[in-house]
Amino acid sequence: MKMPTTNSKKTHLLTYSEPDSIISDQFRTIRTNIRFLTNDKENNIILVTSPEDGEGKSTMITNLAVSIATQKEKVLLIDANLRGSIIHRTFYVPNDIGLANVLKGYAPLETAVTKTDIEQLDVLTSGTEVANPTELLGSANMTNLLKEVAPAYDMVLIDSPTILKSTETRELANQCSGVILVVTCGKTGMAKLMEAKRILKLAHAKLMGVIFNDR
């Protein structure tokens, strides 16, 4: 499935601050496309990644999360980028306790999930920095966490590191219902796009679609 072209020149939450804009409408289209592919709560865990850094995936996933939440659907946004987290800065929430702390057994999930100012949207930030993100995200604890949150939310969105550079994204991809790739028009070469697709296939992950980001 080919997603509509979007523009992420501005990095704030346009789907919240400018809900009637063309960009917000494009995110509603993406949301609708995802809903056609995930029509029940057993297929509601979506990983968003990109071939390389700087493709705008974090901007995409935060705006998508807001777009879904504003339609009265309960959303959990997980920051699984344990090497370079950004979600907590976007929503101005603390990051002292998050995903890494839960996976290490240092904190229960319910204390790590944070409510945002946007109704229906919760976030699970990355938490304390760790030296072994691949081991954590590929662990049974991560599998169990996803099984726990899936029935509690209408949609679970996971912001992950880039697929070509990070082994942990490959570990995580096959635990999700589907994967969306974010690529930049005029930047992401076809060879890198095809390599990302090949890696996802090797990881037994389902590629749901591609968002072409016109920066």
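1. Helix pair α2/α3. In this predicted model, helix α2 (residues 22–37) packs against helix α3 (residues 57–69) at an angle of about 75°. The two helices are therefore roughly perpendicular to each other. Their axes lie 9 Å apart. On the α2 side, the contact is made by F27, R28, I30, R31 and I34. On the α3 side, M60, N63, L64, S67 and I68 meet them. By class, this contact has six nonpolar, two polar and two charged residues.

2. Sheet order. Seven strands form an open sheet with mixed pairing. The order reads β3-β4-β2-β5-β1-β6-β7. At the edges sit β3 (113–115) and β7 (207–213), each pairing on one side only. Direction ignored, neighbouring strands are turned by 25° against each other on average.

3. Strand β3 runs antiparallel to strand β4 (residues 121–124), and three bridges join them. Here V113 stands opposite L124 in β4.

4. Helices on the sheet. Helix α2 also packs on the sheet, where it touches β1 (45–49), β5 (155–159), β6 and β7. The direction of α2 makes about 170° with that of β7. Helix α10 (residues 190–202) packs on the sheet too, touching β6 and β7. The direction of α10 makes about 165° with that of β6.

5. Strand β2. How many residues of strand β2 (residues 75–79) are buried? Five of the five are, so β2 is largely enclosed by the rest of the structure. In a regular strand, side chains alternate between the two faces of the sheet. In β2, V75, L77 and D79 point one way, L76 and I78 the other. Note that D79 is among these buried residues.

6. Neighbours of β2. The pairing of β2 with β4 is parallel, over four bridges. Within it, L76 has D122 of β4 as its bridge partner. The pairing of β2 with β5 is parallel as well, over five bridges. There, L77 is partnered by L157 in β5.

7. Residue L181. L181 lies in strand β6 (residues 178–184). Is L181 buried or exposed? Its relative accessibility is 0%, so L181 counts as buried. Leaving out residues up to four places away in sequence, L181 touches T49, S50, P51, I163, L193, A196, L200, L207, G209, V210 and I211. One of these contacts, L207, is 26 residues from L181 in sequence. Their C-alpha atoms are 7.7 Å apart in space.

Technical notes
Residues are numbered from 1 along each chain as its sequence is written. This is a predicted model: local features need pLDDT of at least 70, side-chain atom pairs count only at pLDDT 80 or more; totals for chains, interfaces and linings use all residues. Side-chain values use heavy atoms; hydrogens and water are left out. Buried means under 20% relative accessible area, exposed over 50%, partly exposed in between (1.4 Å probe, protein chains only). Contact means heavy atoms within 4.5 Å. Axes are lines fitted to C-alpha atoms, for helices over the stretch in contact, and angles run from 0 to 180 degrees between N-to-C directions. Angles under 35 degrees count as roughly parallel, over 145 as roughly antiparallel, 65 to 115 as roughly perpendicular and the rest as oblique. Ala, Val, Leu, Ile, Met, Phe, Trp, Tyr, Cys and Pro count as nonpolar, Asp, Glu, Lys and Arg as charged, and the others, Gly among them, as polar. Two strands pair if DSSP finds at least two bridges between them.
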